[in-house]
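Subject: Structure for your review

Dear colleague,

Please find the structure below, followed by an account of what was found in it. I would be grateful if you could read the two side by side.

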Amino acid sequence: APSDPDLVERARAAKEALGGNVFVLGHHYQRDEVIQFADVTGDSFKLAQQAAARPDAEYIVFCGVHFMAESADILTGDHQRVVLPDMAAGCSMADMATASQVEQCWEDLQRVGVADVTVPVTYMNSTAAIKGFVGREGGIVCTSSNAERALRWAYDQGEKVLFLPDQHLGRNTMVREMGYSLDDCVLYNPHKPNGGLTDDELRNAKIILWKGHCSVHGRFTLACVEEMRRVDPEVNILVHPECTHEVVEAADYVGSTEYIIKALEAAEPGSSWAIGTELNLVRRLANRFPDKKISFLDKTVCYCSTMNRIDLPHLVWALEELVAGRVPNVITVDERTASYAREALDRMLALP
Ligand code: CIZ
Ligand code: SF4
């Protein structure tokens with residue numbers, strides 16, 4: 001639906017009144033009505049880098065989810081404040097690994113005698129507390145575009161990896177990109193004692209995958225890939241590595257958000273593509289490239305509901321509060337957590 005013209009005008013006027021004092025970041029999964037006001041769009045990695053690119057902007061309005069706003073706070077100066085237009089815009093995957101659960105897992109690894117040789121690696125899609133734990137224990141953050149490089153770095157530091165919180169990105173990278181077998185991976189379930197594993201399983205695994213997943217990408221199925229190929233034998237199936245291992249194995253191409261965008265930019269006119277990632281992004285790409293047949297991999301999967309909480313009314317509210325001299329919904333990470341998290345982020349930024 002087209003956005004309400006009154007709200008569009010209010011957002012435009014508020015942004016103009018704030019001038020260079022506000023910098024609006026928009027994640028690729030945001031609604032069109034919000035994206036039209038973003039100064040920069042990107043995936044979580046690009047937005048974290050971009051947040052620091054405008055040190056003069058006092059306010060960073062982050063149109064994305066909570067963990068991304070935390071990363072922006074960690075990577076920007078003390079004088080800058082990060083505003084999340086709706087505090088309920090969380091991420092179910094990030095919430096699947098709490099600090100106390102991960103500390104418990106680390107104790108399990110200490111008890112069986114392997115914590116010293118285990119390097120924790122966390123996906124960007126995790127809370128600041130988890131990034132802080134990982135930094136404290138000498139580990140690294142990764143994104144879906146550098147997971148392989150981060151894992152290779154981790155195996156240079158130790159023998160085993162604890163991979164948080166997305167089991168699918170960890171498994172897909174190990175097996176598909178690095179040639180490990182499924183038997184090298186075990187799944188740690190934080191709701192069971194010892195993760196639901198025997199001491200020997202914990203000791204012998206090459207990688208301990210946290211039992212977390214994305215509630216959007218985890219829903220694409222092998223059956224929908226097969227159905228797409230039946231309907232259109234020429235179709236190219238392109239999916240994000242947060243999809244399950246069987247979906248990734250059945251796809252033609254696998255890659256991060258920025259990879260998906262570049263692949264469609266480079267695709268031949270007339271070529272056919274079915275995309276397994278968030279629906280706002282797929283819709284926008286289909287509109288942007290009308291000469292290519294771009295469809296959504298599975299009609300039963302829908303938007304990321306928490307990303308979609310940031311809508312035009314929430315953005316207008318946040319901007320108008322700033323104009324009125326109030327600073328709503330500020331996201332701050334305490335300095336101790338932030339400094340450990342920054343170490344884990346800096347190790348990622350230093351990857352070759
Ligand atoms: O921004 C990203 O890298 C992704 C894939 C975000 C998400 O929420 O899945
Ligand atoms: Fe979290 Fe998945 Fe939504 Fe991304 S798409 S914010 S990983 S639930």
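Leu75 lies in helix H4 (residues 66-75), where helices (H or I, at least four residues) and strands (E, at least two) are DSSP runs numbered from the N terminus. Leu75 is buried, as 22 other C-beta atoms lie within 10 Å. On this scale a residue is buried with 20 or more other C-beta atoms within 10 Å of its own, exposed with 12 or fewer, and partly exposed in between, the C-beta atoms being placed from the backbone. Apart from neighbours within four places in sequence, Leu75 is in contact with Ala48, Ala51, Ala52 and Leu345; contact requires C-beta atoms, placed from the backbone, within 7 Å. Glu278 is 203 residues from Leu75 in sequence and 26 Å from it in space, C-alpha to C-alpha.

Please note that this is a predicted model, in which local features need pLDDT of at least 70 and side-chain atom pairs count only at pLDDT 80 or more, while totals for chains, interfaces and linings use all residues. Residues are numbered from 1 along each chain as its sequence is written, and chains are lettered from A and ligands numbered from 1 in the order in which they are written.

As to the chain as a whole, its secondary structure comes to 16 helices and 14 strands. Of its 352 residues, 49% count as buried. Along the principal axes, the C-alpha atoms fill a box of roughly 65 × 55 × 35 Å.

The domain assignment gives domain 1 (5-90 + 307-334), domain 2 (94-214) and domain 3 (217-296), with bounds that come from an automatic or database domain assignment. The centres of domain 1 and domain 3, taken over C-alpha atoms, are separated by 29 Å. Between these two, 7 residues of domain 1 are in contact with 7 residues of domain 3.

Strand E7 (residues 160-164) has 5 of its 5 residues buried, so the strand is largely enclosed by the rest of the structure. Lys160, Leu162 and Leu164 are buried on one side of E7, and Val161 and Phe163 on the other. E7 pairs in the parallel sense with strand E5 (residues 118-123) over 5 bridges, pairing being defined by at least two DSSP bridges. Within that pair, Thr118 stands opposite Lys160. E7 is also joined by 3 bridges to strand E9 (residues 207-210), again running parallel, and there Ile208 is the bridge partner of Leu162.

Two ligands are present in the model. The residues around ligand 1 are Asp43, Ser44, Phe45, Asn125, Thr143, Ser144, Cys214, Glu242, Ser256 and Thr257, a residue being included if its C-beta atom, placed from the backbone, lies within 6 Å of the molecule. Ligand 2 is surrounded by 13 residues, of which the closest are Cys91, Met93, Cys214, Val216 and Cys304.

Finally, two backbone details may interest you. Asn194, in the loop between strand E8 (185-188) and helix H10 (199-204), has a positive phi of about 55° although it is not a glycine. Asn329, in the loop between helix H15 (312-323) and strand E14 (330-331), likewise is not a glycine and has a positive phi of about 50°.

Yours sincerely
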